[in-house]
Amino acid sequence: MLVNFVVGGTQKGGTSALDAFLRQHPEICMPETRKELHYFDKEENFDGRLNHKKYHANFRPKPEHRVIGEATPIYMYWNAAPPRIWRYNPEMKWILMLRHPVERAFSAWNMEKNRAAETLSFRDAVEQEEARCREALPLQHRVYSYIDRGFYAHQVRRLFNIFDRDHCLVLLNEELRGDHRATLRKIFGFLDVDLAVEPPETSVFEQDYDETIEPALYSRLMDTFHFDIKELERLLQRDLSAWYSKK
């Protein structure tokens, strides 16, 4: 049985919380090894051999499992991942958790700072992002792409073009935070598993950070993302005014 769904985005969008909820459903098989498998975004896994035994070894499906999935949020962002996933399983279902792009960038910066992978201030990291990301060319940068990852419109459109809209469930981070039960029912319906399962509350949502974004920088970044949010709004056919009007 092929893996038939991925939680493919976005980093710092609530994927850890969703992964924890999905693991509590008796009909869903998730990896036993770790949360993020990073299979389809690793170049060394696609050197011409196309042997997926390494990938499948992470799963131990049981008779009661109706679907198999994993959560690696970089899949939506990584240019090579969607076509690789289509070649693996053209019927793959995608669950995307999107978060306000400025808040997502700040959260990612805090994560990398706590990992000691980032030494610059948030302002300096943002201002130097383009130059720093050139280090990874022709690939994308896995650490310093704070702003670039937040341009969701083209990432979502690419998935719609490759997999069709009905294979993609796009949700907002606020939905999982605000009403995780209703959001999970929507996800379970999308995956065609038992809707009656209600995972209990968990404590995996992020906490507040010690620092805040300078108002002037926040405003400047909102200007940067404004038209992408408007484009995403049209693409998803939903109101995102709470994002681009947020201060």
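Two strands count as paired here if DSSP finds at least two bridges between them, and the strands (E, at least two residues) and helices (H or I, at least four) are DSSP runs numbered from the N terminus. The model is predicted, so to speak a computed picture: local features need pLDDT of at least 70 and side-chain atom pairs pLDDT 80 or more, while totals for chains, interfaces and linings use all residues. Residues are numbered from 1 along each chain as its sequence is written, and side-chain values use heavy atoms, leaving out hydrogens and water.

**View 1. The sheet, strand by strand.** Here's an open sheet of 5 strands, and reading across it gives E2-E3-E1-E4-E5, with parallel pairing. E2 (28–29) and E5 (168–172) sit at the edges with a single partner strand each, so one side of each has no neighbour in the sheet. In general, strands of a sheet pair through backbone hydrogen bonds, either parallel or antiparallel.

**View 2. Strand E1 and its two partners.** E1 covers residues 5–9 and runs parallel to E3 (residues 67–71), with 3 bridges joining the two. E1 also pairs with E4 in the parallel sense, this time over 4 bridges. Phe-5 is a handy place to start looking: Phe-5 stands opposite Gly-69 in E3 and also opposite Lys-93 in E4. Move along to Val-6, and the residue opposite in E3 is Glu-70. E1 is mostly covered, with 5 of its 5 residues buried (buried means under 20% relative accessible area with a 1.4 Å probe, protein chains only; exposed means over 50%, and partly exposed is in between).

**View 3. Strand E5 at the edge.** E5 is joined to E4 (residues 93–98) by 5 bridges, and the two strands run parallel. To find your way around this pair, look for Trp-94, which stands opposite Cys-168 in E5. Even though E5 is an edge strand, 5 of its 5 residues are buried. Cys-168, Val-170 and Leu-172 point one way from E5, while Leu-169 and Leu-171 point the other way.

**View 4. Helix H4 alongside helix H8.** The axes of H4 (residues 81–88) and H8 come within 10 Å and cross at roughly 20° (axes are lines fitted to C-alpha atoms over the stretch in contact, and angles run from 0 to 180 degrees between N-to-C directions). The two helices are therefore roughly parallel to each other (angles under 35 degrees count as roughly parallel, over 145 as roughly antiparallel, 65 to 115 as roughly perpendicular and the rest as oblique). On the H4 side, the contact (heavy atoms within 4.5 Å) is made by Pro-82, Pro-83, Ile-85 and Trp-86, and on the H8 side by Arg-158, Leu-159, Ile-162 and Phe-163.

**View 5. Two cis peptide bonds.** Thr-10 lies in the loop between E1 and H1 (15–22). The peptide bond from Leu-137 to Pro-138 is cis too, with omega near 10°. You'll find Pro-138 in the loop between H7 (129–133) and H8 (152–163).

**View 6. Two positive phi angles.** Most residues other than glycine have a negative phi, and most peptide bonds are trans. Lys-12 isn't a glycine, yet its phi is positive, at about 65°. Look for Lys-12 in the loop between E1 and H1. Asp-164 is another non-glycine residue with a positive phi, near 75°. Asp-164 belongs to the loop between H8 and E5 and is partly exposed, with a relative accessible area of 46%.
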